[in-house]
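Hello,

Here is the structure I promised to pass on to you. Please open it alongside this email, and then read on for what turned up in it.

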Amino acid sequence: MPAGGSAIVEFKVDVNGTFILVDHSIFRAFNKGALGMLKAEGESNKTIYSGTIQEGIYHPEGGGIQEMPKEQVVTKPVVAKTLPQQIAAGKNIYSKTCFACHQSEGQGIPNAFPPLAGSDYLNANPKRAINAVIHGLSGEVTVNGKKYNNIMTSQNLTDEEIANVLTYVYSSWGNSKKVITTVMVKAERSNKPIKASGGGH
Ligand code: HEC
């Protein structure tokens, strides 16, 4: 139909639905409404349209592209299997999480953050160290004869991350080489936070 032209047509609709009529002479019809809706009701011819919409063949890739079955999402974190792997993973966590306060060589900062290097507090009791990382630690503690009275906030880490970071700490800077497992961390989660008061050990 040419722009400005008109026509009368008679046609039959085989399938129910709302059909959109578009006037493509958009510049002319712009302000007048370029769309029309034709509502058809009655008995549908299911051999022409089953009622099911499948968009696949209309995608740019066409219908020939098959979707691969989705792999099951593995949410389990990669478990460090060997001790060196655990220590390496722990070192990574240390440098992101503990480093700011306890410093690169675990030396701490005098009067503020106690050392982890050669710490008698740490080496005397692994459960207490795990507890400090899970729940945080505040109040007076004595580490290597020096008193600290500050606040360590609870560290938001998984059981495995805590096991790894503490295993790294214990393996470094002259500490006792204790290996911390996720089982030990889990056990400490249900225990109460330790209120540090008085002596370190
Ligand atoms: C925001 C600073 C801060 C961060 C981060 C931090 N700590 Fe602490 N940590 C402290 C403070 C402060 C104390 C002493 C708390 C007190 O005075 O009661 C402490 C105490 C400790 C202790 C017991 C005392 C000692 O020196 O042996 C351990 C063990 C420890 N932290 C381990 C860690 C580990 C492991 C991480 C990282 C996962 C970590 N901390 C992250 C500030 C921090």
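Let me begin in a loop: Lys177 sits between H6 and helix H7 (182-189). Its phi is near 65 degrees, a positive value in a residue other than glycine. Lys177 is exposed, with 11 other C-beta atoms within 10 Å. Please keep in mind throughout that this is a predicted model.

Asn144 is partly exposed, with 14 other C-beta atoms within 10 Å. Then there is Trp173, which comes after H6 and has a positive phi, near 50 degrees.

Now for the overall layout. The protein has seven helices and four strands, and from the N terminus on they run β-α-β-α-α-α-α-β-β-α-α. Of its 201 residues, 20% count as buried. Among contacts between residues at least 6 apart in sequence, 60% join residues at least 24 apart.

Among the buried ones are Asp159, Glu161, Asn164 and Thr167, along with Ile162, Val165 and Leu166. What covers the buried residues of H6 includes H2, H5 and H7.

H2 covers residues 83-97, and its 15 residues should span 21 Å at 1.5 Å a residue; the end C-alpha atoms are 20 Å apart, which agrees. Which residues of H2 are buried? They are Gln86, Ile87, Ala89, Gly90, Ile93 and Tyr94. These cover an arc of only 165 degrees around the axis, which puts them on the same side of H2. As a reminder, an α-helix has 3.6 residues a turn, so residues three or four places apart point the same way. The face of H2 turned away from its buried side carries the exposed residues Pro84 and Lys96.

Leaving aside its neighbours within four places in sequence, Val165 is in contact with Gly90, Ile93, Tyr94, Thr97, Cys98 and Leu157.

Val165 also belongs to the largest nonpolar core, which has 25 residues; Val165 is one of those that touch the most other members, together with Ile130, Val133, Ile162, Leu166 and Val169. The elements giving two or more residues to this core are H2, helix H4 (120-124), helix H5 (126-135), strand S3 (137-143) and H6. The largest share, seven residues, comes from H6.

Finally, the ligand. How many residues surround the ligand, and which are the closest? There are 31, and the closest are Cys98, Cys101, Pro114, Asn150 and Met152. Two or more residues of this shell come from each of H3, H4, H5, S3, strand S4 (146-152) and H6. The shell divides into 22 nonpolar, nine polar and no charged residues.

Enjoy exploring it!

Best wishes

How values were computed: Residues are numbered from 1 along each chain as its sequence is written. This is a predicted model: local features need pLDDT of at least 70, side-chain atom pairs count only at pLDDT 80 or more; totals for chains, interfaces and linings use all residues. The expected span of a helix is 1.5 Å times one less than its number of residues. A residue is buried if 20 or more other C-beta atoms lie within 10 Å of its own, exposed if 12 or fewer, and partly exposed in between; C-beta atoms are placed from the backbone. The arc is that of the directions from the helix axis to the C-beta atoms. A nonpolar core is a set of buried Ala, Val, Leu, Ile, Met, Phe, Trp, Tyr and Cys residues joined through C-beta atoms within 7 Å. Two residues are in contact if their C-beta atoms, placed from the backbone, lie within 7 Å. A residue is near a molecule or strand if its C-beta atom, placed from the backbone, lies within 6 Å of it. Ala, Val, Leu, Ile, Met, Phe, Trp, Tyr, Cys and Pro count as nonpolar, Asp, Glu, Lys and Arg as charged, and the others, Gly among them, as polar.
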